[in-house]
There are 2 protein chains.
Amino acid sequence: MQTVEILTLVSSAAAILTAVFSARSVMRRPTGSQKMVEIGDAIKKGADAFLRRQYTTVAIFVFLVFLLFLITPAFGFKASLAYLCGALSSMAAGYLGMQIAVRSNTRTAHASLSGLGEALKIAFRGGLVMGMLVVGLGMLSLLGLALGFGWLDDPQRLLPLCFGASSVAVFARVGGGIYTKTADVGADLVGKVEKGIPEDDPRNPAVIADNVGDNVGDVAGMGSDLFESYLAAIVAAMVVGFTQGGRNYVLFPVGVAAVGIISCILASFLVRVRGGKDPSYVLNFASMASMLFTFLGTFVLVWLFFGSEFRLLACIVCGLVSGLAVGLASDYFTNRLHKPAQHVAKSASSGAAVNILSGYAMGLLSLFVPVLVISVSVVASYVMKGMYGICLAGVGMLSVTGMVVSADAYGPVADNAGGILEQSGAGEKVRETTDALDSVGNTMKAISKGFAIGSAALTAIALFSSYAGVANLTSIDLLDPKVVAGALVGGAVISLFSALVILAVSRNAFRMVEEVRRQFREIRGLMEGKAKPDYGRCVDIATRGALKELILPSVLVILSPVIVAFVGGSLAVSGMLLGAILVGLVFALQMANSGAVWDNAKKYIELGNLGGKGTSTHQAAVVGDTVGDPLKDAAGPSLNIAIKLMSIVAILVAQAGVV
Amino acid sequence: MQTVEILTLVSSAAAILTAVFSARSVMRRPTGSQKMVEIGDAIKKGADAFLRRQYTTVAIFVFLVFLLFLITPAFGFKASLAYLCGALSSMAAGYLGMQIAVRSNTRTAHASLSGLGEALKIAFRGGLVMGMLVVGLGMLSLLGLALGFGWLDDPQRLLPLCFGASSVAVFARVGGGIYTKTADVGADLVGKVEKGIPEDDPRNPAVIADNVGDNVGDVAGMGSDLFESYLAAIVAAMVVGFTQGGRNYVLFPVGVAAVGIISCILASFLVRVRGGKDPSYVLNFASMASMLFTFLGTFVLVWLFFGSEFRLLACIVCGLVSGLAVGLASDYFTNRLHKPAQHVAKSASSGAAVNILSGYAMGLLSLFVPVLVISVSVVASYVMKGMYGICLAGVGMLSVTGMVVSADAYGPVADNAGGILEQSGAGEKVRETTDALDSVGNTMKAISKGFAIGSAALTAIALFSSYAGVANLTSIDLLDPKVVAGALVGGAVISLFSALVILAVSRNAFRMVEEVRRQFREIRGLMEGKAKPDYGRCVDIATRGALKELILPSVLVILSPVIVAFVGGSLAVSGMLLGAILVGLVFALQMANSGAVWDNAKKYIELGNLGGKGTSTHQAAVVGDTVGDPLKDAAGPSLNIAIKLMSIVAILVAQAGVV
């Protein structure tokens, strides 16, 4: 089995090297005109300001939890180190990934001037850095701890590592979500709606904050989310595997992760525009390839090292297929090329209210098939290999995390590039190229968002079974009213959490709107383009607000399992976790897909359909898009964090033995 | 114990007599001016047209299910008779209640001209007919069957009675919901938004359909919903009580229902405006009184007949308190006198999107406390008396059904009266009186909506425990993935169901909008008030559409437990029921309260706050209100039916022994 350990170390190293090479390859490209560099620098400065302030807060929080681990008798030094390790590697991945992403955008913008092929490559490499850092640093820290402390024979002790990743994810995902939507809504409401100036117009004081926000949400936020899922799914499988089949079962998920990393690296070479092919299929094709490679690699892995026990492979396939199904369903229900988005666009001709209702309904419709597929996967993988099988399905789904994060981080790079071209006045010339770049990103965004949700749910279910093990529950009977009451409370906590995030965005967006209005009112010549707005103030408002507003929802999800554990005991906690997973999954998919379908319906109209821009139909669609923004980019993704965090906290409380 | 049976028969008879006297007292009042009678007749004709077509369809459906019961070996003649009994008594209550409600409106309108006191009394008596018929006919048919067939010793056999009530409720609640919102959205979108004419303007071709819709939704719909909850909660308690404590435990819930009926009749005498008191507390006061009387009566009942087993009383109190908590929370979060609605109204000043987001968030916030209270009630009543205790909590909550339905049916009578005054040109003169009448209705509406949802959830939980008994499940283990998968599927089915209802409303509203636009375009002199619109066509479109559109969602909730039973067995079904109850409860509360808070935020602005009517703030609030309409009056209330229906179907499938 040592071969598997070595394979994994090698693959982690390969991932980190790939990140380094991609970063260097991006940095060698020309940065474009003076004007582009200027805008790019503003975005970079904004992102730095956000990261600096956020990381200061995170560091304090992480240090306090570190101390808490240190002084809790059940945990102690090694656990606190594991926690720190999880937090620091997530922070490192986020920081470095962001640094490259905000440097790739001007370069992508410049490359767009000479054609699609090169621009796509740079944007993807910019995203690849984040993707590879997530899986590389993740596996490295996991394996380092496991081998260093001999935890392969006691994988439960790796759980604080996941909690470390969770801690950072809360800030990056919840705080990042609030940040990005504060900026977006603020920019749109005053700029597009009140002043009637285009998106990404340099006169808009919130435009840089908006561009920064794209990176904050889709690079740092998504990255930290999947970093957490990735570690938690693997650790959960190791924990359950240990009790069910010993050392070999502990190593298998690690081996699958290694295979996944190598597959993603291989697939990344496939990202190039071939003559005549629709570029929007490029990333799709590479993602599919990474899944296929993972399947083949896992086949070999099982065959060579695990006694041809192909039911293990079947569980991994369950996960891969679920991931694909969730992603494809999201794409179908939200892509402007398909009926649902066009239906929502058409409904905008009856006004904003009808547009909102039909997008809301589409979101609800869209989740039926994914949830059904996940349910079938859960049962099928259980039939194969019991609880361990369910955990493996989670690992299988997440094995291609490297590719998913890369493709998702591509989005803001391409989006920023378009914004930079627009602001530098070169937008009109290369509209076709930037539109193509953007369309590549949109499809992938829907797919990876669905993927993040599906994997969070599977991870949470895997953590749920670890919880049962840690809390010594041999049965969780629904005929016990504590379980039912727990489930109801879990659902209520998730609802409250969503409400708090949405209200946080509204409150913060309100501050932003006031500031943008103030600048338009007080800075003379701004509207005429003769004076520059104060971008920094807007970045600052979004940053401060996001950090302040994330406290309440985060405290809620961290404390609720603790309180329920004290009041109702472990059965109530089990019920609560199930209720949270169920309602969280439903809400997250609905919010993500409703938000995306409103967005794409608006874009569909902006492409000239149904009268195009400036019509009342377009106005109505803009309202839908604005409603969807905080749902799809703040509350929805935050739910992924919420359900995983609740599960991990519940496990740690059980481990601490205080209840 | 015979005393209890006699008490119940007497109280049912008293309820029916109260209905008859109230109806006669209403009918003796003057109907007002020629113009009022004319409008009243149009509403009456519209309601008749709706009922005639709906009941024809219901009759066919009921007859087919009747035959199905007849030929299924496990059921046979008596079961099919019980089914028919449930369906027919629900239909009778709905029909008679509607007849009186649509006759009370002109009389209330006329009475408004001479003051609030008399108008309030007539409107309440008009609603009281429905309330008393629901409880009177419900208890009478239940007791008739139980005594006639000796089913007090085999209460399981009463379940087809509940299914009969469910069958009618689907049509009345789902179909009624689609009807009422088709008409409302159609009338508002063209009339208020496009043409800029006031609500209830006689030039609007959809105005009569809209007035009919109020009755269809809040009289027939709400009545049939609570009729079903009422019967199902009592029967579930009888079923569980029989296994847990024999004959006495079967009779106790029946006795509580009798006490509740008498309490409601007594409390109904308290509905009168006393000099100087705020009329909006009148109905609240009477409702509270009915709860207090029920508490006292149950105390006596337990003391005299049930060996001073006061834990039985405690379970009933759990139910009463939960009902109160759910209602009060709904009121707090939606009443325009409180902060949430005012916050939502203020947010409309930042545009429609922000208004929608904050109303959506308020809906999510609002459900935390009610769900928490229900959870605590479930655990507390279980601690008292096991599963039977949970069922009793449901009975306790529903014991005041008579009052709740009466107060809710008051709403459309008062609303219609305002509309009739507006259309007959007498609106301005008595604005203060109609506003006061309406404000009484609004608070009660929020409370009773919350009550309907809470009771549906408790009833479904009670049915869930009956299901476990019928399907011989001694444990439903969440560590069995079939249960978890079932729960996920249950949540997905509820989401799909909601989506289908919302889309049904949009589709049907679209037809209505087209028709209203056509009339404005083609009927010359309509806008100038020189020609009359064709009200009948609009009523017809709403009716046909509603009946067509209810098929798909209804088939979904009826078939899904059957399919899951065949595919996954009874454990999967249990999981599914729990998932459906949880997601259904969350969705229903959120939709009801978001809808109500948008509505009341708009009304708050219309009262002259934040600039009042005609401002862009008001426009934004109208969008929110329109989004909320199908949620609060169609999809949300339909969910009550969905979760109960799924549970009953699951039980019948288990009884039939086919799986």
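Chain A has 18 helices and zero strands. Its radius of gyration is 23 Å, close to the 26 Å that the globule rule gives for 659 residues, so chain A is as compact as a globular protein of that length. The model is a predicted one. A rotation of 180 degrees, with 0.0 Å of shift along its axis, superposes chain A on chain B with an RMSD of 0.0 Å. The two copies are thus related as by a two-fold rotation axis.

**Overall form of chain A**

- The C-alpha trace of chain A spans about 70 × 50 × 45 Å along its principal axes.
- Of the 659 residues in chain A, 69% count as buried.
- Among the contacts in chain A with a separation of 6 or more, 86% are between residues 24 or more positions apart.

**Symmetry and the interface**

- A rotation of 180 degrees relates chain A to chain B, and in chain A the C-alpha nearest the axis is that of A:D477, 2.3 Å from it.
- The same surface serves both copies, since 100% of the contact residues of chain A recur in chain B.
- In the interface, 62 residues of chain A are in contact with 62 residues of chain B.
- On the side of chain A that touches chain B, at least two residues each come from α5 (159-195), α11 (352-366), α12 (368-398), α14, α15 (481-522), α17 (551-606) and α18 (616-656) of chain A.
- The largest share of that side of chain A is supplied by α15(A), with 19 residues.
- By residue type, the side of chain A that touches chain B divides into 46 nonpolar, 14 polar and two charged residues.

- Helix α14 of chain B covers residues 431-470; at 1.5 Å a residue its 40 residues should span 58 Å, and its end C-alpha atoms are 56 Å apart, which agrees.
- Of the 40 residues of α14(B), 35 are buried, so the helix is largely enclosed by the rest of the structure.
- After α14(B) comes B:N472, which has a positive phi, near 55 degrees.
- Helix α15 of chain B, residues 481-522, has 42 residues and reaches 61 Å from its first C-alpha to its last, close to the 62 Å expected at 1.5 Å a residue.
- α15(B) is mostly covered, with 34 of its 42 residues buried.

**The nonpolar core**

- In soluble globular proteins, nonpolar side chains tend to be buried together.
- The largest nonpolar core here has 547 residues, and those with the most contacts inside it are A:L161 and B:L161.
- Leaving aside neighbours within four places in sequence, B:L161 is in contact with B:A82, B:Y83, B:C85, B:G86, B:S141, B:L142, B:L145, B:L231 and B:V235.

- A:V430 lies in the loop between α13 (401-423) and α14 (431-470) of chain A.
- A:V430 counts as buried because it has 22 C-beta neighbours inside 10 Å, and the cut-off for a buried residue is 20 or more.
- Not counting residues up to four places away in sequence, A:V430 touches A:S112, A:L113 and A:L421.
- A:V430 and A:L226 are 204 residues apart along the chain, and their C-alpha atoms are separated by 34 Å.

Definitions and conventions. Residues numbered from 1 in each chain as written. Chains lettered and ligands numbered in written order. Predicted model: local features only at pLDDT ≥ 70, side-chain atom pairs only at ≥ 80, totals over all residues. Helix = DSSP H or I, 4+ residues; strand = E, 2+ residues; numbered from the N terminus. Buried ≥ 20, exposed ≤ 12 C-beta atoms within 10 Å, placed from the backbone. Contact = placed C-beta atoms within 7 Å. Nonpolar A, V, L, I, M, F, W, Y, C, P; charged D, E, K, R; others polar. Expected span 1.5 Å × (residues − 1). Rg over C-alpha atoms; globule rule 2.2 N^0.38 Å. Least-squares fit on C-alpha atoms with pLDDT ≥ 70 in both. Core = buried A, V, L, I, M, F, W, Y, C linked by C-beta atoms within 7 Å.
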